[in-house]
Protein chains: 4
Amino acid sequence: MGKTVRLGVIGLGSVSEKYVPHIRALNLEGNDCEVIIGCDVRPGKAERARGWGIPAFTTDHSEVINHPDVDAVVILTDMQSHGRITREALLAGKHVLVEKPMSMDLNDAAELVALAKVSKGHLVCAPHVTLSPTYQAMWRHIAAGDIGRPLSARGMYGWAGPDWDPFFYEPGGGPMYDLGVYNVTTLTGLIGPAKRVMAMTGIAIPERIVNNQKMTVRTDDNFQLLLDFGNQCFGVVTTGFTIQRYDVAGIEIYGSDGTINMLSDDWDPHGYKLWRNKDGFWQDHTDRNRWRWTDGIRDLIQAIHEGRKPVNSPEHAYHVLEIMAKSMESGRLGQALPILSTFTPPRFDAVGQRVAPHLDHAPEI
Amino acid sequence: MGKTVRLGVIGLGSVSEKYVPHIRALNLEGNDCEVIIGCDVRPGKAERARGWGIPAFTTDHSEVINHPDVDAVVILTDMQSHGRITREALLAGKHVLVEKPMSMDLNDAAELVALAKVSKGHLVCAPHVTLSPTYQAMWRHIAAGDIGRPLSARGMYGWAGPDWDPFFYEPGGGPMYDLGVYNVTTLTGLIGPAKRVMAMTGIAIPERIVNNQKMTVRTDDNFQLLLDFGNQCFGVVTTGFTIQRYDVAGIEIYGSDGTINMLSDDWDPHGYKLWRNKDGFWQDHTDRNRWRWTDGIRDLIQAIHEGRKPVNSPEHAYHVLEIMAKSMESGRLGQALPILSTFTPPRFDAVGQRVAPHLDHAPEI
Amino acid sequence: MGKTVRLGVIGLGSVSEKYVPHIRALNLEGNDCEVIIGCDVRPGKAERARGWGIPAFTTDHSEVINHPDVDAVVILTDMQSHGRITREALLAGKHVLVEKPMSMDLNDAAELVALAKVSKGHLVCAPHVTLSPTYQAMWRHIAAGDIGRPLSARGMYGWAGPDWDPFFYEPGGGPMYDLGVYNVTTLTGLIGPAKRVMAMTGIAIPERIVNNQKMTVRTDDNFQLLLDFGNQCFGVVTTGFTIQRYDVAGIEIYGSDGTINMLSDDWDPHGYKLWRNKDGFWQDHTDRNRWRWTDGIRDLIQAIHEGRKPVNSPEHAYHVLEIMAKSMESGRLGQALPILSTFTPPRFDAVGQRVAPHLDHAPEI
Amino acid sequence: MGKTVRLGVIGLGSVSEKYVPHIRALNLEGNDCEVIIGCDVRPGKAERARGWGIPAFTTDHSEVINHPDVDAVVILTDMQSHGRITREALLAGKHVLVEKPMSMDLNDAAELVALAKVSKGHLVCAPHVTLSPTYQAMWRHIAAGDIGRPLSARGMYGWAGPDWDPFFYEPGGGPMYDLGVYNVTTLTGLIGPAKRVMAMTGIAIPERIVNNQKMTVRTDDNFQLLLDFGNQCFGVVTTGFTIQRYDVAGIEIYGSDGTINMLSDDWDPHGYKLWRNKDGFWQDHTDRNRWRWTDGIRDLIQAIHEGRKPVNSPEHAYHVLEIMAKSMESGRLGQALPILSTFTPPRFDAVGQRVAPHLDHAPEI
């Protein structure tokens, strides 16, 4: 292992409460790293930085990006500024982890992908769902042919919707970018790039109470998105701020020889169930251990230490962005739209070391 | 109760093995009825009729239809002849129960609906899913506003596909007509008529072994069907001969104040789960009692005895037919298609008598 | 196959409603058999016999037993008369199927077991739980060492209690004989004979409404029964008319290398779950097909046709009787009691033919 | 709130890895507290203390107990020394939290209970299972009569057994003290003190590999424990180092009007299921939030700040100890033994504030 990875965190809102403790835990577990500067446009967040023992604070993100000791920049700001700051950081030669979406504009996102190819720095884009042990175990089963050729799939993720930020109900917000992004990332990761989309979308709840004020919803809050993976394999993603509660497998993939279902949501998976026709029973691989959805930061830090590329490619994130953008367009037009981008899903051939489940007595919380 | 309802059964294949014993059970339970003549183009089926104690047999369906003592005709023949025989029976003034679909041609089906309006006889079209206690309990919860306004829905029903009849893989066959028909009937019954459909469809498994012979599949075997119910409420039905095994709620409906899920398939429901935001917990109404999917015959016999209309209308069946036909067309065209027909879903306001579940010790098998 | 097995049924109460249709179904499925005489002390039951097409009826059970054409006697009378009629039928050289318990007196039961050894006729004693496909699959897993050596076990079966017959709350009745008998039969069948018992028992609900009349309960209605299987393997059976509802595995067996659980009750099993340490996942063998708890009649008829012994031995039924009698005694005394009897559990090495589950599309109801 | 609660932690082994971070998290959440000294007989643990930022370390526990600034002592040493150190700390007037068991000798434990009554310091004994939100919600349902009078109960907690410390297999160790203690605490908390016990116990696996060495097991590793709660209400606790895997409700209580089951184990509950006959359905209160089994430390710190008694009484812990000691004696003797001690279970009438579950989008991990 090389020298300490020094990080600058831009955006000290609620998402940073997940990333910063994760970074500290990573350091304790032996991934040499530390946050050396925090940044937020709200000066009051300096206190939060201090509370975490971050030695420096600024309200100017450029100061973080141009800090000579900063190796990697973690961008957790409002969605609208993701693209701009990511671009600046890549141009400065820094490694970047950016929360979803990398940009709200497809063209800008394409430029970021191109920039990442030539930059010294890695670009890691959330969501990081392909890094969970559950996802990777499912990937291995599919790659091994355990369900045969995938033919049909479903994803589901929704809830009642946030009441703390009007942005979620304005153009650029909405449940597809906030929630559907997970399922689209998972399904394209496991099955492969989509060739075509088709959707029904709309504003099902035209008025909301947000921050105790009534507001008019101005972006679609209800989605049924069809994905054509080629070879007559079709998937559906159901998402919306229109779902009060569900109790279903977050991801289901139906193949020519079996079925694999992810238990719980892909951002918080609890294992999976596998049916193989040749078995004639369900394998129930429930996993009580918890995985952190901020896990991309671990991968970035380890990639820097190990001199390798991060697991997730910007191309995957871009592909997901294109699908999401076209889902809304398809909903408006009432017709199928082609997906022009593609990517190569990450492989997870090697099985990590793990304790036999019956000896894993007290799962970590 | 009036006089015995006398039935003629046309088609003594495998489906009759479900209907005829059901008719006999109905008689034992006090619904005065009997099968007085059986019919099959295959003379060898005379023996099956004899085994069931049916006093007459013919290979000519017209003989059944024109039999002066026959009150109601039960049509269980191959799909291709459903429309023709139904028409003949309605013109003869008989009550008719016809297995799905009432016709393979939308125009012919429309004519049957019109004919049923002026005929002395009732027309009952399978599937009969709205008659199950589970369906009706769900209907009452939705009607009572327990989940608020329905906003999103999913249905799932598929399997590996039959290997005993090439018809399933020829034009006119396929999983939408064979399997999807149940979910479409249930969702339109519970939510209301659909205004628009959009689908991805295709032939995922181009060759099959049927009756131990390889054959080329010539109709779509894989469907993702989107339904627009108006008011920005969207549903999806996933069906196909492309699903080896599943373990999901057959029907899920997400409303503005809660969620209701049917446990197991709608043709064999095992109760339901209800979430109401105001409860804050799932109500689990698992029902171990079994319902017979041939239950339309009970309703028809009782309707005749009671001088009322059957519960299910031909208009509902026609609406479902139009949706299914347009799903394939939408799949071909890659665009949304309007649904022109409509219907009024049956109401189930009255709750039947039932034993308190904890006193229902040994459920009937 | 030999000649038709001719049966006489003694006792035409509610239990006969399960056995007689089963016998008729068996005949249709190719097990040549028929009921030629019915008997009930209540002359009014003649009508029920007629409704079933049974050609003769009597109020005198001796007439059935001594009927020259009767091969096998099915005893479904009140518990108090089981022993006496069974004895009479065995002495007449008939095959006998007797509902539980074979006798209410341990000494009389021992005599029946001895008599069965020398009689020409087979003695089949309910319950028949070892005949279910689920039980037999579990037996095979245990015999194959899939869970290692059994070390611990639980059984659970109870409900709110009957309100239609005071007998259940009088000495000789009670939930151990009515309900616990299933679990004790299953556990001793799967693990082997018990060496010792220990129990807490009591009358938890001293007054009941039965047939709309208040009555005083005079036998224990609440049981926790411990079973010592030797080799430091211990089991518990929880039963009572003190359980309003449960949602647990009916039978759980914990071994040195894994666990096997029966899904649902042992008289109505829905498959099983298997954990093997070497797998590291649960195998979920849910079985949607239903098994009839009257299945001993099938085995008896087939045993007669095939010239073999029935699967279940009277020795097993006697062993279970001894355990149940001593459970109440242990409850009174507050100390462990030895079990003196033993038996050899039936083996189920051969796997029956079955359809691959994913091709078993529409399970029989 | 008063001044900072200053803690000394004695024993810096694996259990301290749960308590110390919990104490730090409590401080961040506003419960003013800090660990000012750590202690372990192993000098090498000084480094662990330093890593946690604990300013002082000693190998002499008396130094902690007599430290003038220490308000409360947290005893996480080997079981054998619990009683002695607890006694010393109480005599020094300190508050004490001691891991289970408070003592390995019943007489010594009785003395500790007496001492705690007269001491200035509180005595909090693990396990802390009555503090979980799930436990308390169940308590309220039972107190409200939702299941009527409890009549029957089951608890289950076991696993394959530790392989890292021979102590678990020596006299004083064993699964009853290590695992069964949770279920016994929960059941007596929810139902009330036990009057009598009866058990089957034994050494099911006479040899084990511990720390890669074969050893002979010298204490019972397999238990079925019956509990008599009076009023003919009986419970069973199944525990052992003889259970490879289970998938059951950790706690089940059957009452005269309903049933309540704890989902998952009582030390890591995931909510509960409630059946009320008057509902006719299961209420499923699954709770995805995690509770920390070290929660007694929160209660102690808050009790000190608030000048109130801790929730759990030493009398409860003593009652559980007596039951466990007598379970082994009953197992040896084969007879029921009376329980002489009693206690008053804590009440949880007030419902805490909580977010409506459908708005609790991303549960804390």
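How many salt bridges are there between domain 1 of chain A and domain 2 of chain A? The count is two salt bridges, a salt bridge being a side-chain nitrogen of Lys or Arg within 4 Å of a carboxyl oxygen of Asp or Glu.

## Basis of the model

This is a predicted model, in which local features need pLDDT of at least 70, side-chain atom pairs count only at pLDDT 80 or more, and totals for chains, interfaces and linings use all residues. Residues are numbered from 1 along each chain as its sequence is written, chains are lettered from A and ligands numbered from 1 in the order in which they are written, and side-chain values use heavy atoms, with hydrogens and water left out.

## Domains of chain A

Chain A is divided into domain 1 (5–125) and domain 2 (132–289 + 313–359), with bounds that come from an automatic or database domain assignment. The C-alpha centres of the two domains of chain A lie 26 Å apart. Between them, 15 residues of domain 1 are in contact with 14 residues of domain 2, where contact means heavy atoms within 4.5 Å.

The area buried between these domains is about 1,200 Å², and carbon and sulfur atoms give 78% of this area. Buried area is the accessible area (1.4 Å probe) that two parts lose on being put together, summed over both. On the domain 1 side, A:M79, A:K100 and A:L106 lose the most area to domain 2, together 44% of what that side buries. A:K100 also forms a salt bridge with A:D178, the closest N and O atoms being 3.3 Å apart.

## Annotated span

An unreviewed UniProt entry places the feature "domain: GFO/IDH/MocA-like oxidoreductase" at residues 135–260 of chain A; positions follow the numbering used here, the feature name is shortened, and annotations may be inferred rather than shown by experiment. This span is 21% helix and 37% strand, and its end C-alpha atoms lie 11 Å apart. Helices (H or I, at least four residues) and strands (E, at least two) are DSSP runs, numbered from the N terminus.

## Relation of the two chains
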